[in-house]
Amino acid sequence: MIPGSPGAIAGAFSFPGNRIFTAMNADPAVQRKGVLLALLAVLLWSGNFIIARALHASVPPVALAFWRWLGATALLLPFALGALRREAAALRGRWAHNLGTALTGITLFNTFIYIAGRTVPAIHLALIGTTAAPLFVLLFSFVFLRERLAGQTLMGALLCMAGLLVLLTNGNFSTLGTLHFVSGDAWILAAALSFALYTLQVRRRPQGISPRAYLLVLFTTGTVLLLPAYLWERAHTAPVNWTPVVAGSVAYLAVCASVLAFLAWNEAIRRIGPARTALFGNGIPLLSAIEAVLLLGEKVSAATAVAFIFIGAGLYVANRVSGSAGKQ
C-alpha cells in the first residue's frame, strides 16, 4: 500500500514556483509516462490492503512485512548488485537520507498497515491511508519545499476529496460530525504519515544512483531495521503456517507490490514530482473495492460508484496538460 502510498492532492499538482519541478514537467511526453507509471504502482499496491486483511488472523503483522521485504530484497539482489557496486560512490555521505527513506517507506509504512489490518476492513485501510497521505504530502510540500498549488490542481484535489468523503460517509454527508477513529485508524494515519515522508525523501535521491541500486539499498536497510521487531514478535507469537495461500500472498507482495510497484512509483516521482504522484493514491480504495468484489464476493454500493466518478474527474482535471504547459 500509500503503503502509501499508500493520494490526491498536490501539484497538478504542479508548482510554478519551483523551477526544477516546472522544468521537469515541461515535456508532455514525460508527464504522460509519469502518469502511467503512477497508475501501475497504484494498481499493484491496491492488492496490499486485501492481503493485509485476508491474512490478519494467520500471519503476524511484523512477520508479514519482514518476509515481504526479505523476499523483495532477494529477488532484486542479482539484478541490482552489480549496479550498486559501480555506483557506490554516489551514496557516500548520504547515510542519513538512505536510513530515513528506508525507515519510512520500507520498515514502518506497510508494517503499520498490517497492524491496522488486524482490526480494520480492507476498504477502510485503503480509504483512510489514501486520504491522509496526500494531505501530509501537500502540507510538507508547502511548508518545506515552498511549492504552490495551481488552480486546476486545487480543483482536482477538491473533486478527489469529495469522492473520498462520499466513500467515508456512504453518501450521507450528515454523518460527518459523528465520525470517529478507532485504534486501527491511528495505525493507518501513522502509515500515511510515513509514506508521505518517504515520497518527499525519494525526490532527493542521490545523483548517480540507478533506480534498481537505490531500491536495493532501501529494501536491504528497511529489512535489517525490521529484524529486531520480527525476532521479538516471533518469540511471542505462533510461527507462520506456510500454506499455499500464505506463500502466494507473500510472493505477490514481494514481487508485485514491492519490486515492480516501487520502481514504477519512484520513477513517477522523478518525472512528475512527489505531490502530483501522490494524487494517484486516491484510486487505491476504488481498486481495492473492485478486488474485494472479485475476490471476496463483496457488493459495490451506489456511494462507491459516485465516488469513482468524483475521483476519476479529479484525476483528469489535476493531470490535464494544458497547451501552455507544453510550451514552457
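Leu260 counts as partly exposed, because its relative accessibility is 42%, a value that lies between the 20% below which a residue is called buried and the 50% above which it is called exposed. This residue belongs to a predicted model, and its place is in helix H9. Together with Leu75, Phe79 and Val255, Leu260 makes a nonpolar surface patch of about 340 Å². Two helices, H3 (61-86) and H9 (244-272), each supply at least two residues of this nonpolar patch.

Helix H9 can next be followed to its neighbour. Two packed helices are described by the angle between their axes and the distance between the axes. The axis of helix H8, which spans residues 211-236, comes within 10 Å of the axis of H9, and the two cross at roughly 120°. That angle makes H8 oblique to H9, and the crossing of the two helices is right-handed.

Side chains of opposite charge can pair when their charged atoms come close. The count of salt bridges comes to two. In one of them, Glu267 is joined to Arg270, with the closest N and O atoms 2.6 Å apart; because these residues are three apart in helix H9, about one helical turn separates them. Glu267 also forms a salt bridge with Arg271, where the closest N and O atoms are 3.1 Å apart, and here the residues are four apart in helix H9, so that they too are separated by about one helical turn.

Methods. Residues numbered from 1 in each chain as written. Predicted model: local features only at pLDDT ≥ 70, side-chain atom pairs only at ≥ 80, totals over all residues. Heavy atoms only, no water. Patch = residues over 30% accessible without salt bridge, like charges linked within 9 Å, V, L, I, M, F, W, Y side chains within 5 Å. Areas by Shrake-Rupley, 256 points an atom, 1.4 Å probe, with all protein chains shown as cover. Salt bridge = Lys/Arg side-chain N within 4 Å of Asp/Glu carboxyl O. Buried < 20%, exposed > 50% of the residue type's maximum accessible area, 1.4 Å probe, protein only. Axes fitted to C-alpha atoms, helices over the stretch in contact; angles between N-to-C directions. Parallel < 35°, antiparallel > 145°, perpendicular 65-115°, else oblique. Left-handed = near helix turned anticlockwise from the far one by under 90°.
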